[in-house]
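I begin with the turns and then turn to the sheets.

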Amino acid sequence: MISFFDRDTNTVVIYYTDRNKAVRLSAAKQPKTVLPPGGDAGGVDPGKAKVLETVVYDGVRCRVLTVRRGRS
């Protein structure tokens, strides 16, 4: 699969090489500012994070956490 995003027209084209077919999608208008990963975590208190479980996803050991925003 090959995908292409044209920012000028906000169009995404996905080409499926094994089927020789393509799909064109119109994307929503993108915001001028994009937050970095974790950039929307404002108001999260890391001290209130609770570990729910430790599991393996795709061979990677992960901790599943729950956090609350604000002070409640």
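In the hairpin of S1 and S2, which residue takes a positive phi? I find that Asn10 does, near 50°, in a hairpin with four residues between the strands.

Entry on the source. I note that the model is predicted, that local features need pLDDT of at least 70 and side-chain atom pairs pLDDT 80 or more, and that totals for chains, interfaces and linings use all residues. Residues are numbered from 1 along each chain as its sequence is written, and side-chain values use heavy atoms, with hydrogens and water left out.

Entry on terms. I take strands as DSSP runs of E with at least two residues, numbered from the N terminus. I count two strands as paired if DSSP finds at least two bridges between them.

Entry on the open sheet. I looked up the strand order and found S1-S2-S3, three strands with antiparallel pairing. The edge strands are S1 (2-6) and S3 (21-26), each of which pairs on one side only. Neighbouring strands of this sheet are turned by 15° against each other on average, direction ignored; the axes are lines fitted to C-alpha atoms, with angles from 0 to 180 degrees between N-to-C directions.

Entry on its bridges. S1 and S2 are joined by five bridges, and I located Ser3 opposite Ile14 in S2. Between S2 (residues 11-16) and S3 I record six bridges. There, Val12 faces Leu25 of S3, and Val13 stands opposite Arg24. The hairpin of S2 and S3 has four residues between the strands, and Asn20 takes a positive phi near 55°.

Entry on S4 and S5. Strand S4 (residues 50-57) pairs with S5 (residues 60-66) in the antiparallel sense over seven bridges. I found Thr54 bridged to Arg63 in S5. Their hairpin has two residues between the strands, with Asp58 at a positive phi near 50°.

Entry on rings. I found the charged end of Arg19 over the ring of Tyr16, 4.7 Å from its centre; the criterion is NZ of Lys or CZ of Arg within 6 Å of the ring centre and within 35 degrees of the ring normal.
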